[in-house]
Amino acid sequence: MIELSYFERWWLNSWPHRLHIQRYVPKLLKSSPAPIVGEVLEVGAGSGWSSRRVLETFPQVELTAIDVDPRAAKSFAKLKEKYGRRLKFSEADVMHLPYDRASFDFVLAIHVLHHVEHLPQALRELIRVLRPGGLIGIADENQHLVVGPLRWLWPALHRINAKELTETLEAEGAEIVSSVGTVHFSIWARKPYT
Ligand SMILES: C[S@@+](CC[C@H](N)C(=O)[O-])C[C@H]1O[C@@H](n2cnc3c(N)ncnc32)[C@H](O)[C@@H]1O
């Protein structure tokens with residue numbers, strides 16, 4: 001796991017980021033190729049801003065949120081007061097998810113995959129815990145465009161972009177349903193039935 005920079009930690013709790021998440025996450029979710037219902041896993045849920053949007057936008061969803069950073073538990077304790085049994089939080093690493101095969105209908109990874117050491121292993125885990133026919137929604141920034149001092153502000157372990165992500169998802173057996181954007185991109189992929 002990479003430690004977030006002080007700047008990124010500040011940014012994640014700042015109002016510009018909140019505003020961005022407030023606008024962007026419902027847009028991403030509404031672009032899903034199938035209605036978002038059932039059991040949803042969100043990895044790298046961090047401050048909980050994106051989880052809150054998921055729960056607000058889709059009242060039929062039960063959300064399990066995970067983050068490797070123990071500090072995230074505090075934000076989720078507050079959110080649980082509002083959403084009760086619809087929300088569970090666990091401290092966990094996306095590289096080794098503590099869930100059985102085929103446990104979820106949807107998996108969301110919002111601004112997190114650039115933090116992982118080994119992208120194929122992380123994607124393998126996301127696919128493993130998904131039910132056949134289930135969907136993975138990914139949003140991230142093209143890390144090749146993060147240059148100079150921006151690399152210090154937004155450190156990344158993995159310099160991902162949409163092309164590499166779609167190729168790796170396909171290599172791990174998922175079907176790409178859509179891939180939109182190059183600077184800030186979103187991808188939907190399906191776990192096949194067979
Ligand atoms: C840039 S933040 C994004 C948070 C949130 N998804 C959002 O968009 O506001 C990335 C989050 O991923 C978490 N993270 C990094 N590596 C992880 C890993 N291996 N497993 C789970 N979470 C991880 C970090 O602790 C951080 O909270």
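With 18 C-beta neighbours inside 10 Å, Glu39 counts as partly exposed, where a residue is called buried if 20 or more other C-beta atoms lie within 10 Å of its own, exposed if 12 or fewer, and partly exposed in between, with C-beta atoms placed from the backbone. Glu39 belongs to strand β1, and helices (H or I, at least four residues) and strands (E, at least two) are DSSP runs, numbered from the N terminus. The model is predicted, so that local features need pLDDT of at least 70 and side-chain atom pairs count only at pLDDT 80 or more, while totals for chains, interfaces and linings use all residues. Residues are numbered from 1 along each chain as its sequence is written.

**Overall form**

- The protein has 7 helices and 7 strands, and from the N terminus on its elements run α-α-β-α-β-α-β-β-α-β-α-α-β-β.
- A compact globule of 194 residues would have a radius of gyration near 16 Å, and the 15 Å of the protein agrees with that; the radius is taken over C-alpha atoms, and the globule rule is 2.2 Å times the number of residues to the power 0.38.
- Taken along the principal axes, the box filled by the C-alpha atoms of the protein is roughly 45 × 40 × 30 Å.
- Of the 194 residues in the protein, 36% are buried.
- Among contacts with a separation of 6 or more, 65% are accounted for by residues 24 or more positions apart, a contact being two residues whose C-beta atoms, placed from the backbone, lie within 7 Å.

**Strand pairing around β1 and β2**

- Strand β1 (residues 38-43) pairs with β2 in the parallel sense over 6 bridges, where two strands pair if DSSP finds at least two bridges between them.
- Within this pairing, Gly38 stands opposite Val61 in β2, and Leu41 stands opposite Thr64 in β2.
- The chain passes from β1 through α3 to β2 in a right-handed β-α-β crossover; right-handed here says that, with the strands pointing away from the viewer, the path from the first strand over the helix to the second runs clockwise.
- Strand β1 is also joined by 4 bridges to strand β4 (residues 104-110), with the two running parallel, and the bridge partner of Glu42 in β4 is Leu108.
- Strands β2 and β3 run parallel and are joined by 5 bridges, with Ala65 standing opposite Phe89 in β3.
- From β2 the chain crosses through α4 to β3, and this β-α-β crossover is likewise right-handed.
- Because 6 of the 7 residues of β2 are buried, this strand is largely enclosed by the rest of the structure.

**Surroundings of Glu39**

- Not counting residues up to four places away in sequence, Glu39 touches Glu62, Ser103, Phe104 and Asp105.
- The C-alpha atoms of Glu39 and Thr64 are separated by 7.6 Å, although these residues stand 25 residues apart along the chain.

**Helix α4 and its two sides**

- Helix α4 (residues 72-83) has 12 residues and reaches 16 Å from its first C-alpha to its last, close to the 16 Å expected at 1.5 Å a residue, the expected span being 1.5 Å times one less than the number of residues.
- Its buried residues are Ala72, Ser75, Phe76 and Leu79.
- Seen down the axis of α4, these buried residues fall within an arc of 95°, so they line one face of the helix; the arc is that of the directions from the helix axis to the C-beta atoms.
- The buried residues of α4 pack against α3 (49-57), β2 (61-67) and β3 (87-91), whereas Lys74, Ala77, Lys78 and Glu81 are exposed on the other side of the helix.
- Gly84 follows α4 and has a positive phi, near 50°.

- Most residues other than glycine have a negative phi.
- Ala102, in the loop between β3 and β4, has a positive phi near 55° although it is a residue other than glycine.
- Ala102 counts as partly exposed, with 13 C-beta neighbours inside 10 Å.
- His111, in the loop between β4 and α5 (119-128), is not a glycine and yet has a positive phi of about 55°.
- His111 is buried, with 21 other C-beta atoms within 10 Å.
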